[in-house]
Amino acid sequence: MEKEKFDLSHFKMVKIPAGSFMMGNSRTGTRVVELSEFFISQVPVTQFLFNKVLGYNPSKLKGDLLPVESVNWFETLIFCNQLSRAYKLDPCYSVKNYDIKDLPDNSPNWKDLECNFDANGFRLPTEAEWEYAAGGGGLTHYSGSDNLDEVGWYGENSNITTHNVGEKNPNAFGLYDMSGNVSEWCWDWYGQYELSVVKNRILNPYGPKSGKARVKRGGSWLDDDIQCRITCREYSAPTGKVGTLGFRICRKA
(Lines give C-alpha, C1' and ligand atoms only; values in the text may rest on other atoms or scores of the structure.)
Protein backbone atom coordinates (compact mmCIF):
# COMPACT_ATOMS: atom_id res chain seq x y z
CA MET A 1 0.00 0.00 0.00
CA GLU A 2 1.40 3.38 -1.01
CA LYS A 3 2.29 5.61 1.92
CA GLU A 4 -0.22 8.41 2.38
CA LYS A 5 1.31 11.88 2.47
CA PHE A 6 -0.12 14.43 4.86
CA ASP A 7 0.02 18.18 4.47
CA LEU A 8 -1.15 21.05 6.64
CA SER A 9 -4.59 21.15 5.03
CA HIS A 10 -5.20 17.46 5.70
CA PHE A 11 -8.33 16.84 7.76
CA LYS A 12 -10.10 13.58 7.06
CA MET A 13 -12.80 11.69 8.93
CA VAL A 14 -13.05 7.94 8.34
CA LYS A 15 -16.39 6.12 8.58
CA ILE A 16 -16.22 3.16 10.96
CA PRO A 17 -18.88 0.52 10.24
CA ALA A 18 -21.36 -0.61 12.86
CA GLY A 19 -20.46 -3.82 14.60
CA SER A 20 -19.86 -5.68 17.83
CA PHE A 21 -16.63 -6.73 19.51
CA MET A 22 -15.18 -8.09 22.73
CA MET A 23 -13.86 -5.07 24.60
CA GLY A 24 -11.09 -5.33 27.18
CA ASN A 25 -8.78 -8.16 28.25
CA SER A 26 -8.42 -10.79 30.95
CA ARG A 27 -6.70 -8.36 33.32
CA THR A 28 -9.14 -5.46 33.07
CA GLY A 29 -12.24 -7.52 32.37
CA THR A 30 -14.21 -7.93 29.17
CA ARG A 31 -17.65 -7.13 27.81
CA VAL A 32 -19.39 -7.49 24.47
CA VAL A 33 -20.14 -4.07 22.96
CA GLU A 34 -22.27 -3.19 19.96
CA LEU A 35 -21.64 0.14 18.25
CA SER A 36 -23.50 2.17 15.65
CA GLU A 37 -21.44 3.48 12.74
CA PHE A 38 -19.50 6.69 13.36
CA PHE A 39 -16.73 8.85 11.92
CA ILE A 40 -13.30 9.22 13.55
CA SER A 41 -10.34 11.33 12.47
CA GLN A 42 -7.70 9.52 10.46
CA VAL A 43 -4.89 10.99 12.55
CA PRO A 44 -4.64 12.70 15.94
CA VAL A 45 -5.43 16.42 15.95
CA THR A 46 -2.31 18.21 14.74
CA GLN A 47 -0.81 21.36 16.19
CA PHE A 48 -1.64 23.17 12.96
CA LEU A 49 -5.34 22.32 13.18
CA PHE A 50 -5.57 23.04 16.90
CA ASN A 51 -3.92 26.44 16.46
CA LYS A 52 -6.10 27.25 13.45
CA VAL A 53 -9.28 26.57 15.45
CA LEU A 54 -8.38 27.99 18.87
CA GLY A 55 -5.59 30.42 18.04
CA TYR A 56 -2.86 28.99 20.25
CA ASN A 57 -0.60 25.95 20.50
CA PRO A 58 -0.03 24.48 24.00
CA SER A 59 2.42 21.80 22.85
CA LYS A 60 5.88 21.43 24.37
CA LEU A 61 7.35 19.80 21.26
CA LYS A 62 6.54 22.18 18.41
CA GLY A 63 5.74 21.26 14.82
CA ASP A 64 2.70 21.84 12.62
CA LEU A 65 2.28 18.16 11.70
CA LEU A 66 3.12 16.86 15.14
CA PRO A 67 0.12 15.82 17.23
CA VAL A 68 -1.00 18.52 19.63
CA GLU A 69 -0.13 17.64 23.24
CA SER A 70 -0.09 19.25 26.67
CA VAL A 71 -3.80 19.83 26.14
CA ASN A 72 -6.21 19.04 28.96
CA TRP A 73 -9.59 17.36 28.66
CA PHE A 74 -11.56 20.61 28.89
CA GLU A 75 -9.59 22.15 26.02
CA THR A 76 -10.46 19.21 23.79
CA LEU A 77 -14.18 19.83 24.33
CA ILE A 78 -13.80 23.54 23.57
CA PHE A 79 -11.88 22.63 20.41
CA CYS A 80 -14.63 20.24 19.32
CA ASN A 81 -17.37 22.84 19.79
CA GLN A 82 -15.42 25.53 17.95
CA LEU A 83 -14.63 23.17 15.07
CA SER A 84 -18.30 22.22 14.89
CA ARG A 85 -19.27 25.89 14.61
CA ALA A 86 -16.67 26.43 11.90
CA TYR A 87 -18.34 23.69 9.85
CA LYS A 88 -21.84 24.96 10.73
CA LEU A 89 -22.60 21.80 12.71
CA ASP A 90 -24.41 21.50 16.03
CA PRO A 91 -21.94 21.47 18.96
CA CYS A 92 -22.13 18.36 21.13
CA TYR A 93 -21.04 19.88 24.45
CA SER A 94 -22.99 22.30 26.62
CA VAL A 95 -23.22 23.68 30.14
CA LYS A 96 -26.49 25.35 31.07
CA ASN A 97 -26.33 29.17 30.81
CA TYR A 98 -22.67 29.16 29.71
CA ASP A 99 -20.53 28.84 26.61
CA ILE A 100 -17.93 26.27 27.63
CA LYS A 101 -15.12 28.30 26.02
CA ASP A 102 -15.66 30.90 28.73
CA LEU A 103 -15.36 28.45 31.64
CA PRO A 104 -12.01 28.11 33.44
CA ASP A 105 -10.83 24.59 34.16
CA ASN A 106 -11.64 24.91 37.85
CA SER A 107 -15.17 26.24 37.35
CA PRO A 108 -17.79 24.37 39.42
CA ASN A 109 -20.15 24.77 36.45
CA TRP A 110 -18.37 21.96 34.61
CA LYS A 111 -20.36 19.58 36.83
CA ASP A 112 -23.37 20.42 34.61
CA LEU A 113 -21.57 19.41 31.41
CA GLU A 114 -23.68 17.41 28.98
CA CYS A 115 -22.82 15.72 25.70
CA ASN A 116 -25.52 15.44 23.05
CA PHE A 117 -24.49 12.28 21.21
CA ASP A 118 -27.28 12.89 18.68
CA ALA A 119 -25.78 16.21 17.57
CA ASN A 120 -23.93 16.19 14.24
CA GLY A 121 -20.90 18.09 15.53
CA PHE A 122 -17.45 16.90 16.57
CA ARG A 123 -16.69 15.27 19.92
CA LEU A 124 -14.25 12.97 21.66
CA PRO A 125 -14.68 9.26 20.99
CA THR A 126 -16.09 7.14 23.76
CA GLU A 127 -13.70 4.56 25.15
CA ALA A 128 -15.61 1.82 23.32
CA GLU A 129 -15.49 3.71 20.00
CA TRP A 130 -11.77 4.31 20.45
CA GLU A 131 -10.95 0.65 21.12
CA TYR A 132 -13.18 -0.59 18.28
CA ALA A 133 -11.59 1.83 15.81
CA ALA A 134 -8.08 1.01 16.99
CA GLY A 135 -8.72 -2.70 16.55
CA GLY A 136 -9.61 -2.24 12.91
CA GLY A 137 -11.71 -5.38 12.94
CA GLY A 138 -8.68 -7.56 13.75
CA LEU A 139 -7.15 -9.29 16.75
CA THR A 140 -3.69 -7.71 16.84
CA HIS A 141 -2.03 -6.44 20.01
CA TYR A 142 -1.44 -3.00 18.48
CA SER A 143 -3.43 -0.90 16.07
CA GLY A 144 -2.69 -2.59 12.76
CA SER A 145 -0.01 -5.12 13.71
CA ASP A 146 1.47 -7.40 16.34
CA ASN A 147 4.78 -5.60 15.66
CA LEU A 148 4.64 -2.19 17.35
CA ASP A 149 7.60 -0.86 15.37
CA GLU A 150 5.47 -1.09 12.20
CA VAL A 151 2.61 1.05 13.49
CA GLY A 152 3.71 3.17 16.43
CA TRP A 153 6.23 5.47 18.06
CA TYR A 154 7.01 4.40 21.63
CA GLY A 155 9.84 4.49 24.15
CA GLU A 156 12.07 2.09 22.21
CA ASN A 157 12.00 3.80 18.81
CA SER A 158 10.78 7.40 19.26
CA ASN A 159 14.12 9.02 20.16
CA ILE A 160 12.18 10.51 23.09
CA THR A 161 9.97 12.81 21.03
CA THR A 162 6.70 12.96 19.14
CA HIS A 163 6.67 12.42 15.38
CA ASN A 164 4.65 13.82 12.48
CA VAL A 165 1.30 12.09 12.14
CA GLY A 166 0.93 9.28 9.63
CA GLU A 167 4.57 8.20 9.39
CA LYS A 168 3.89 4.62 10.49
CA ASN A 169 1.53 2.11 8.87
CA PRO A 170 -2.26 2.46 9.27
CA ASN A 171 -4.63 -0.16 10.62
CA ALA A 172 -7.29 -1.91 8.53
CA PHE A 173 -9.68 1.06 8.87
CA GLY A 174 -6.98 3.40 7.52
CA LEU A 175 -6.30 5.05 10.90
CA TYR A 176 -2.82 6.13 11.96
CA ASP A 177 -1.03 6.55 15.30
CA MET A 178 -3.56 4.80 17.52
CA SER A 179 -0.71 2.90 19.18
CA GLY A 180 1.99 5.28 20.39
CA ASN A 181 2.99 8.83 19.43
CA VAL A 182 0.55 10.45 21.90
CA SER A 183 -2.01 8.94 24.24
CA GLU A 184 -5.52 10.11 23.40
CA TRP A 185 -8.29 11.50 25.58
CA CYS A 186 -11.66 9.74 25.51
CA TRP A 187 -15.04 10.97 26.74
CA ASP A 188 -15.54 8.43 29.53
CA TRP A 189 -14.92 8.74 33.22
CA TYR A 190 -12.50 5.98 34.24
CA GLY A 191 -14.16 3.11 36.11
CA GLN A 192 -15.05 -0.53 35.97
CA TYR A 193 -16.86 -1.72 32.87
CA GLU A 194 -20.63 -1.90 33.08
CA LEU A 195 -22.06 -5.42 32.99
CA SER A 196 -23.75 -6.53 29.79
CA VAL A 197 -27.50 -6.49 30.33
CA VAL A 198 -29.25 -6.90 26.97
CA LYS A 199 -28.62 -10.20 25.20
CA ASN A 200 -25.13 -10.19 26.74
CA ARG A 201 -24.03 -7.04 24.93
CA ILE A 202 -24.04 -3.30 25.56
CA LEU A 203 -25.18 -0.81 22.89
CA ASN A 204 -23.09 2.37 22.51
CA PRO A 205 -21.80 2.67 26.11
CA TYR A 206 -20.83 6.12 27.37
CA GLY A 207 -19.02 5.07 30.56
CA PRO A 208 -19.76 5.86 34.24
CA LYS A 209 -21.92 8.87 35.10
CA SER A 210 -19.26 10.32 37.41
CA GLY A 211 -15.66 9.88 38.48
CA LYS A 212 -12.38 11.60 39.26
CA ALA A 213 -10.35 10.86 36.11
CA ARG A 214 -11.01 10.57 32.39
CA VAL A 215 -9.86 7.71 30.19
CA LYS A 216 -6.82 8.02 27.95
CA ARG A 217 -5.87 5.35 25.42
CA GLY A 218 -3.15 4.22 23.04
CA GLY A 219 0.14 4.87 24.80
CA SER A 220 2.73 7.43 23.77
CA TRP A 221 6.24 8.13 22.53
CA LEU A 222 7.48 7.72 26.12
CA ASP A 223 5.63 4.51 27.02
CA ASP A 224 6.52 0.83 26.81
CA ASP A 225 4.94 -1.68 24.45
CA ILE A 226 2.37 -2.89 26.99
CA GLN A 227 0.96 0.63 27.42
CA CYS A 228 0.56 0.90 23.63
CA ARG A 229 -1.65 -2.17 23.35
CA ILE A 230 -5.17 -1.62 22.07
CA THR A 231 -6.80 -2.89 25.26
CA CYS A 232 -4.57 -1.07 27.75
CA ARG A 233 -6.61 1.32 29.93
CA GLU A 234 -5.10 4.42 31.52
CA TYR A 235 -6.50 7.63 32.98
CA SER A 236 -5.68 11.19 33.95
CA ALA A 237 -7.31 14.02 35.86
CA PRO A 238 -9.23 16.14 33.33
CA THR A 239 -7.00 19.12 34.17
CA GLY A 240 -3.89 17.12 33.28
CA LYS A 241 -1.55 18.63 30.66
CA VAL A 242 1.45 16.53 29.72
CA GLY A 243 3.63 16.24 26.63
CA THR A 244 2.51 12.65 26.02
CA LEU A 245 -1.25 13.29 25.82
CA GLY A 246 -3.31 14.53 22.87
CA PHE A 247 -6.57 13.51 21.21
CA ARG A 248 -8.49 12.68 18.05
CA ILE A 249 -12.10 13.50 17.25
CA CYS A 250 -15.18 11.74 16.01
CA ARG A 251 -18.81 12.47 15.10
CA LYS A 252 -22.00 10.55 14.42
CA ALA A 253 -22.46 9.06 10.97
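Reader: In this predicted model, are Phe74 and Trp110 buried or exposed?

Author: Both Phe74 and Trp110 are buried. For each, that puts the relative accessible area under 20%.

Reader: How many aromatic pairs does the model contain?

Author: The count is 17 aromatic pairs.

Reader: Why is the pair of Phe74 and Trp110 called tilted?

Author: Ring centres have to lie within 6.5 Å for a pair, and planes under 30 degrees apart would be stacked, while those over 60 would be edge-to-face. The centres of Phe74 and Trp110 are 4.6 Å apart and their planes stand at 40 degrees, so the pair is tilted.

Reader: Which residues do ring pairs link into a cluster?

Author: The cluster consists of Trp73, Phe74, Tyr93, Trp110, Phe117, Trp187 and Tyr206.

Reader: Which residues have the most contacts inside the largest nonpolar core?

Author: They are Tyr93, Phe247 and Ile249, in a core of 32 residues. Two or more residues come from each of H1, H2 and strand S7 (183-189). H2 gives the largest share, with seven residues. A separate core of 21 residues includes Met23, Leu35, Cys186 and Val215.

Reader: What does Tyr93 touch beyond its sequence neighbours?

Author: Setting aside residues up to four places away, Tyr93 touches Leu77, Cys80, Asn81, Ile100, Leu113, Glu114, Cys115, Phe122, Arg123, Leu124 and Trp187.

Reader: Which residues of helix H1 are buried, and how do you know that they line one face?

Author: In H1, residues 47-54, the buried ones are Gln47, Leu49 and Phe50. Viewed down the helix axis they fall within an arc of 165 degrees, so they line one face of H1. Helix H2 (73-86) is among what covers them. After H1 comes Gly55, with a positive phi near 85 degrees.

Reader: What is the order of strands in the open sheet of three, and why are S1 and S12 its edges?

Author: The order is S1-S4-S12, with antiparallel pairing. S1 (13-16) and S12 (250-252) each have a single partner strand, so one side of each has no neighbour in the sheet. From one strand to the next the twist averages 25 degrees.

Reader: What makes S4 and S12 a pair?

Author: At least two bridges are required. S4 (residues 38-41) and S12 have three, in the antiparallel sense. At one of them, Phe39 has Arg251 of S12 as its bridge partner. Helix H3 (residues 127-135) lies across S1, S4 and S12, at about 75 degrees to S4.

Reader: Why is strand S2 called largely enclosed?

Author: Of the seven residues of S2 (residues 19-25), five are buried, so the rest of the structure largely encloses this strand. S2 pairs with S3 (residues 29-35) over seven bridges in the antiparallel sense, and a hairpin of three residues joins S2 to S3. Gly24 has Thr30 of S3 as its bridge partner.

Reader: How do you know that Phe173 is buried?

Author: Its relative accessible area is 19%, and the cut-off is under 20%. Phe173 is located in the loop between helix H4 (148-151) and S7. Beyond neighbours within four places in sequence, Phe173 is in contact with Val14, Ile16, Pro17, Tyr132, Ala133, Gly136 and Gly137. The C-alpha atoms of Phe173 and Gly137 are separated by 7.9 Å, although the two residues are 36 apart along the chain.

Conventions. Residues numbered from 1 in each chain as written. Predicted model: local features only at pLDDT ≥ 70, side-chain atom pairs only at ≥ 80, totals over all residues. Heavy atoms only, no water. Buried < 20%, exposed > 50% of the residue type's maximum accessible area, 1.4 Å probe, protein only. Helix = DSSP H or I, 4+ residues; strand = E, 2+ residues; numbered from the N terminus. Arc of directions from axis to C-beta. Contact = heavy atoms within 4.5 Å. Core = buried A, V, L, I, M, F, W, Y, C linked by side-chain atoms within 4.5 Å. Axes fitted to C-alpha atoms, helices over the stretch in contact; angles between N-to-C directions. Phe/Tyr/Trp six-rings, centres within 6.5 Å; stacked < 30°, edge-to-face > 60°.
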